[in-house]
Protein chains: 2
Amino acid sequence: MDKINLKSKLNSFSDHWNPRIVAELNGQYVKVAKIKGEFVWHSHSNEDEMFMALQGEFVMEFRDRTITLSEGECIVVPKGVEHRPVAEEECEIMLFEPKSTVNTGTVDSEFTKTDLEKI
Amino acid sequence: MDKINLKSKLNSFSDHWNPRIVAELNGQYVKVAKIKGEFVWHSHSNEDEMFMALQGEFVMEFRDRTITLSEGECIVVPKGVEHRPVAEEECEIMLFEPKSTVNTGTVDSEFTKTDLEKI
């Protein structure tokens, strides 16, 4: 039951699109990630997903619109909704989602990560 | 599915120890609150609770130690663990916890809030 310093966690790795697990509660994971470039379009069958920009900004693309998130801004992507995060410059984010969540949802992609590191 | 600006949400109220709900996902609520002073000792029977300091700092007291949280730092308080948040100066926090969570857990107190506002 130690505190979690998100900046320290983020400073411990440098690769993009590879979320790390920093906390677990009530069947959910809290993750941090560095993102840059375009992710893959995907959705999650059973999991709502919350994104929060911690540093920098990124765009959440939906099929009908895009939403830009800056530091301190969050968005909840409901289950079943196709989305694609895109970051022109490197952005640091936090994620809240069920433990069952796979980063690319129902899509199998070069971005798919199935065995996330706990840091 | 709009974005949530936590700072704007926090700027919309001024009272202490009265969390507002800003998002809901997977049976969990995301809440923000302003805290100042000493809360009441309590625990939650069935809910783990995550606190994140967004601005300022606060102390999470446990029966055997205290942990100071500054901006960007989080802590998960597991179900059943007695705790008491204390903030010498006003601190803005985010909470992530099951929808069933009552702020004072199993303790009925002047601090108890049972009908939280969604903002």
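Start by selecting Glu24(A) and then Tyr29(A), its bridge partner in β3(A). Now widen the selection to strand β2 (residues 20-25) and strand β3 (residues 28-38) of chain A: they run antiparallel, joined by 5 bridges. Strands here are DSSP runs of E of at least two residues, helices are runs of H or I of at least four, and both are numbered from the N terminus; two strands pair if DSSP finds at least two bridges between them. Next, click on Asn26(A), which takes a positive phi near 50° in this hairpin, where 2 residues sit between the strands.

A quick note before moving on: this is a predicted model, in which local features need pLDDT of at least 70 and side-chain atom pairs count only at pLDDT 80 or more, while totals for chains, interfaces and linings use all residues. Residues are numbered from 1 along each chain as its sequence is written, with chains lettered from A and ligands numbered from 1 in the order in which they are written.

Over to the contact, which takes 24 residues from each of chain B and chain A (C-beta atoms, placed from the backbone, within 7 Å). On the side of chain B that touches chain A, pick β7(B), which gives the largest share, 4 residues.

Last stop: select Cys74(A), which stands opposite Ile4(B) in β1(B). Here 2 bridges join strand β7 (residues 73-77) of chain A to β1(B), and the two run antiparallel.

Technical notes: Contact = placed C-beta atoms within 7 Å.
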